[in-house]
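Subject: Structure for you to look at

Dear colleague,

I am handing over the structure below, and my notes on what was found in it follow directly after. Please read them with the coordinates open.

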Amino acid sequence: MPIIEVKGVKKVFKKPVREPGIFGMFKTLFSFKYTTVAAVKDISFSLEPGEIVGYIGANGAGKSTTIKMMCGILTPTDGVITIDGYKPYNPKERKHVLNKIGVVFGQRTQLWWDLPLIESLVILKEIYDVPKDAYEERFKFLSTVLELDPFLNQPVRTLSLGQRMRADLAASLIHNPQILFLDEPTIGLDVLVKDRMIEAIKEINKKYHTTIVLTTHNMEDITDLCKRVIILDEGSILYDGPIKKIKAKFGDMRHISFLTKERNILLELKEMLPKDCLIEEIEGYIHLSFDLEKMSVNDVLKTIIDTYTIEDIKIEENSLESIVKKIYENKQI
Ligand SMILES: Nc1ncnc2c1ncn2[C@@H]1O[C@H](COP(=O)(O)OP(=O)(O)OP(=O)(O)O)[C@@H](O)[C@H]1O
């Protein structure tokens, strides 16, 4: 049975109409003219327990609005959201939802700024009424995977961004929620801390079977963590399914770039390689792009290595990043 169900959900915001200029600003304050923004338009999806899904889309697509509705911070204008059977935005049902969810908003912290991290965790234990043994087991696990030890006794305001994000992730999980919402959890992190966060999220999912909804603009995070993505565009779902399927749809492309001292070889290469291979020269490098279904890396490599003296070579696959860029540009799959 799904743990999260989103059915025909819409969210329309009312915004006052702004008139230009300084007088316009005052007029806006006392005016009753409004315009509406449909941030989310009739979306539906469901998530099974233990799933990790990437919830992606360009700026303003409606991702945060959906997450806020799933957490109960906003109420849908239309449609229904249930978390394990309860509506998070319904005051009577909210209490059943709160201990089932954990949230990390990358841009904000839920920790007490002036308190040492360890004390914030103890307060959260009390708020959520976590039994002592369960707290100790979880604290031990989280402080190990997130390497919290070196800064447990520091006030949160003195933590670096990477330490604070790890602390926030620990805080969101101390009550063992079944669902974790992560809104840009790796924003601004260096590569090492980012990798540690990703590994920790994987371990948490494996150990506790936590359902995870991940919103990010970083496609590497999505590729590392998710099998399924939901792509949102201007409030509507463009795609919901396996990453593998969109990759296959856009072709399982390979790109070989190489450097050789030999000059003016483009025409010759076009003769030697199959017609479907795209060949171009950029900044001295020869770039070859082809679909794996049509030719093999082995054949292409053999042709160029047998013919030219290679000084440098690089092979890449079609990244999710380049595919998603195309989808955002064309607004279709
Ligand atoms: N409280 C609000 N009042 C009015 N409009 C809002 C409000 N919150 C969001 N919006 C509008 O709704 C649309 C969707 O915003 P949302 O923050 O959900 O996008 P997003 O996909 O999370 O974008 P980003 O990647 O930039 O964070 C935007 O046009 C935004 O301006």
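Strand 6 (residues 179-183) and strand 7 run parallel to one another and are joined over five bridges, where helices (H or I, at least four residues) and strands (E, at least two) are DSSP runs numbered from the N terminus, and two strands count as paired if DSSP finds at least two bridges between them. Before going further, please note that this is a predicted model, in which local features need pLDDT of at least 70 and side-chain atom pairs count only at pLDDT 80 or more, while totals for chains, interfaces and linings use all residues. Residues are numbered from 1 along each chain as its sequence is written.

Strand 6, helix 7 (residues 191-208) and strand 7 together make a right-handed β-α-β unit; a crossover is called right-handed if, with the strands pointing away from the viewer, the path from the first strand over the helix to the second runs clockwise.

Strand 7 (residues 211-215) also pairs in the parallel sense with strand 3 (residues 52-57), here over three bridges. In that pairing Val53 stands opposite Val213, and Gly54 has Leu214 as its bridge partner. All five residues of strand 7 are buried, that is, 20 or more other C-beta atoms lie within 10 Å of their own, whereas a residue is exposed if there are 12 or fewer and partly exposed in between, with C-beta atoms placed from the backbone. Thr211, Val213 and Thr215 point one way from the strand, and Ile212 and Leu214 point the other way.

These strands belong to an open sheet of six strands with mixed pairing, in the order 5-6-7-3-8-9. Its edges are strand 5 (101-105) and strand 9 (236-242), each of which pairs on one side only. From one strand to the next the twist averages 15°.

Helix 6 (residues 161-173) lies across strands 5 and 6, at about 165° to strand 5; axes are lines fitted to C-alpha atoms, for helices over the stretch in contact, and angles run from 0 to 180 degrees between N-to-C directions.

Neighbours within four places in sequence aside, Val53 is in contact (C-beta atoms, placed from the backbone, within 7 Å) with Leu47, Val213, Cys226, Arg228, Val229 and Ile230.

Lys14, in strand 1 (residues 4-16), is exposed, because 9 other C-beta atoms lie within 10 Å. Lys14 and Thr36 are 22 residues apart in sequence but 4.6 Å apart in space, C-alpha to C-alpha.

Finally, the domain assignment, which is automatic or taken from a database, gives domain 1 (4-247) and domain 2 (251-317), with their C-alpha centres 43 Å apart.

With best wishes

Conventions:
Contact = placed C-beta atoms within 7 Å.
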